[in-house]
Amino acid sequence: MKQYGKTCVKTYEVPIGLDFETISLKTLPINKTPLYGFIGEEDSGKNSYVCYLLDYLIENRQEAPLKLYLADETEGYMSKYSQNAEMSIQSMDDLMSAFSEIHETLAKRYALYQKKELDLTKEPLLLLVINSKNMLKSASSDKSKAEMYKDIIGKYRDMKVSILCTDVDNVPILFTAGELLKNLKDTKSVMFFDDVKNMKFIEISSLVAKEYKKPIEYSDAYIFSGDRLNKLRTIHKKN
């Protein structure tokens with residue numbers, strides 16, 4: 001596993017776990033994942049997995065440059081990462097400032113890259129971690145920022161940016177929901193740390209739910225590969 005990690009660190013490709021069906025290693029290319037969400041209760045293994053992912057990126061930031069923006073309203077498990085953050089965000093005003101700063105940086109990168117005046121491999125990954133259900137919901141529903149969100153996760157998606165929503169609320173997403181939450185649902189870009197029958201954020205057919213009816217264990221999770229559901233034994237750190 002360590003050897004594999006060394007070969008992939010420069011591409012920000014994080015090993016995330018073993019596929020139960022194929023016993024193959026699954027990875028998450030953070031620099032090619034503009035938006036991703038994590039769903040699960042505190043005792044599900046979600047938090048320890050998020051710690052593993054952030055530790056992996058922070059520990060390897062010499063070879064894979066990283067600029068971390070951390071949005072967290074609590075003083076919980078995520079607070080230990082504030083010292084590694086470019087910006088520690090505890091209010092909606094701060095979060096909007098972070099989005100604006102990221103959008104401005106990406107716009108400059110994009111303009112230079114189009115003129116072939118930028119070596120993107122030398123630029124740091126802009127990583128925004130939103131560890132708050134309320135902040136994610138409020139930010140997503142801000143219609144005045146909708147175009148900015150579309151740029152970040154659309155037009156500028158290849159400019160080394162990623163938004164990780166580490167505390168997504170497991171509730172049905174309505175058509176009127178904001179840009180970020182709708183995109184998470186539509187692209188199925190989530191990792192779900194619970195039994196399939198409990199998934200509300202994305203509709204799961206009864207046929208698929210029946211196939212995965214066995215309860216999962218601590219740190220097990222489900223991800224989507226296209227429309228296909230994959231069960232994983234995730235890599236994680238014990239808190």
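This is a predicted model: local features need pLDDT of at least 70, side-chain atom pairs count only at pLDDT 80 or more; totals for chains, interfaces and linings use all residues.
Let's begin with helix α2, which covers residues 46-59. This helix has 14 residues, and from its first C-alpha to its last it reaches 20 Å, close to the 20 Å expected at 1.5 Å a residue. How much of α2 is covered? Mostly covered is the reply, since 13 of its 14 residues are buried.

Now turn to strand β1, residues 13-19, where you will find D19. Which side chain of opposite charge is nearest to D19? That is K26, 4.1 Å away. A salt bridge needs the side-chain nitrogen and the carboxyl oxygen to be within 4 Å, and D19 has no salt bridge although this residue is buried. The side chain of D19 does make a polar contact, 3.0 Å, with the side chain of N230. If you set aside the neighbours within four places in sequence, D19 is in contact with S24, K26, N230, K231 and L232.

How many does a search of the whole structure find? The search finds zero. To see why, take C51: its sulfur is 17 Å from the closest cysteine sulfur, in C165, which is too far for a bond. Seen from C165, the closest cysteine sulfur is in C51, again 17 Å away and too far for a bond. A disulfide would need the two sulfur atoms within 2.5 Å.

Terms used:
Residues are numbered from 1 along each chain as its sequence is written. Side-chain values use heavy atoms; hydrogens and water are left out. Helices (H or I, at least four residues) and strands (E, at least two) are DSSP runs, numbered from the N terminus. The expected span of a helix is 1.5 Å times one less than its number of residues. Buried means under 20% relative accessible area, exposed over 50%, partly exposed in between (1.4 Å probe, protein chains only). Lys and Arg count as positive and Asp and Glu as negative; His and the chain ends are not counted. A polar contact is a pair of N or O atoms within 3.5 Å; within protein, one must be able to donate a hydrogen and the other to accept it, and residues adjacent in sequence count only if both atoms are side-chain atoms. Contact means heavy atoms within 4.5 Å.
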